[in-house]
Amino acid sequence: MKHPDWRRETPRQLPFEPDPDALQELEAAYGDAVRHGFLGPREEARLRERHLDDALGLAAIRLPRAGERWVDLGSGAGLPGLPLARQFRATFFTLVDAQRRRLDWVAATAAKLHIDNVTVVHARLEEYGHGSARETFDVATARALGRLPVVAELGLPLLRVGGALLVPRGRPAAAELEQATAACRQLGGRVEDVVPNPSSPIDRVGFVVIMAKIAATSPRFPRRSGVPARTPLGQ
């Protein structure tokens, strides 16, 4: 792991120009998400910086490419997957969540905004990781899914070898990174880097943990529903 990289606090620049019309549309849509209770009431005043800019900042770390398949794990109200899909129309995004009501809102919002490169999936990730989507995605994102070892167990099985798991969060603790490193060894992955998110306000400068898929994941993983969170790997 490149510790000097993740200690730096100068974020990289976005390698693309965000679509201002898209940002305006999404900001209006997520105002509706606040009113539905999918985001907290205080979020309406900071939708752009805390949610939309934070989502698009991932593309400065791993630019979505034409034809790639990305999966957003525990997507909730479609963050970061929906803003990324609106900006990068040639990339396919699958948004997975166990809460049907939120997914219905995401699907309706995508249709209203004519975002046709989005698929929503109602599933628990422990089960989804053993289905036909296993090891088919190029990139996975997980914004608020849990501790790093849990995210690793739920995300790495879905990636093809050579894929990347991007986990935006505040500054990660050294102990959690060590646990994630140990978990990755069991899952065919490794903690590749921890870098600043160029547009995230979380924890002064937000960070993104990058895990790489370097080998096939054992069919033992992910474990059955609830076990990854109750008994995280790497402890």
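Beyond its neighbours within four places in sequence, Gly234 is in contact (heavy atoms within 4.5 Å) with Gln179, Ala182, Ala183 and Gln186. Gly234 lies in the segment after helix 10 (227-230); helices (H or I, at least four residues) and strands (E, at least two) are DSSP runs, numbered from the N terminus. Its C-alpha atom is separated by 6.8 Å from that of Pro149, 85 residues apart along the chain. Gly234 counts as partly exposed because its relative accessibility is 23%. Buried means under 20% relative accessible area, exposed over 50%, and partly exposed in between (1.4 Å probe, protein chains only).

The model is predicted: local features need pLDDT of at least 70, side-chain atom pairs count only at pLDDT 80 or more, and totals for chains, interfaces and linings use all residues. Residues are numbered from 1 along each chain as its sequence is written, and side-chain values use heavy atoms, with hydrogens and water left out.

The structure holds twelve salt bridges. Each is a side-chain nitrogen of Lys or Arg within 4 Å of a carboxyl oxygen of Asp or Glu. One of them joins Asp138 and Arg160 (2.5 Å, N to O). This pair links distant parts of the chain: Asp138 is in strand 4 (residues 137-141), and Arg160, 22 residues apart, is in strand 5 (residues 159-169). Asp138 is buried at 13%. Arg160 is partly exposed at 31%.

Arg35 and Glu44 also meet through their side chains (3.2 Å, N to O). Arg35 is exposed, at 57% relative accessibility, while Glu44 is partly exposed, at 38%. Arg65 pairs with Glu68 (3.5 Å, N to O) in a salt bridge. Glu68 is buried, at 8%. Asp19, Glu25 and Arg86 form a network of salt bridges.
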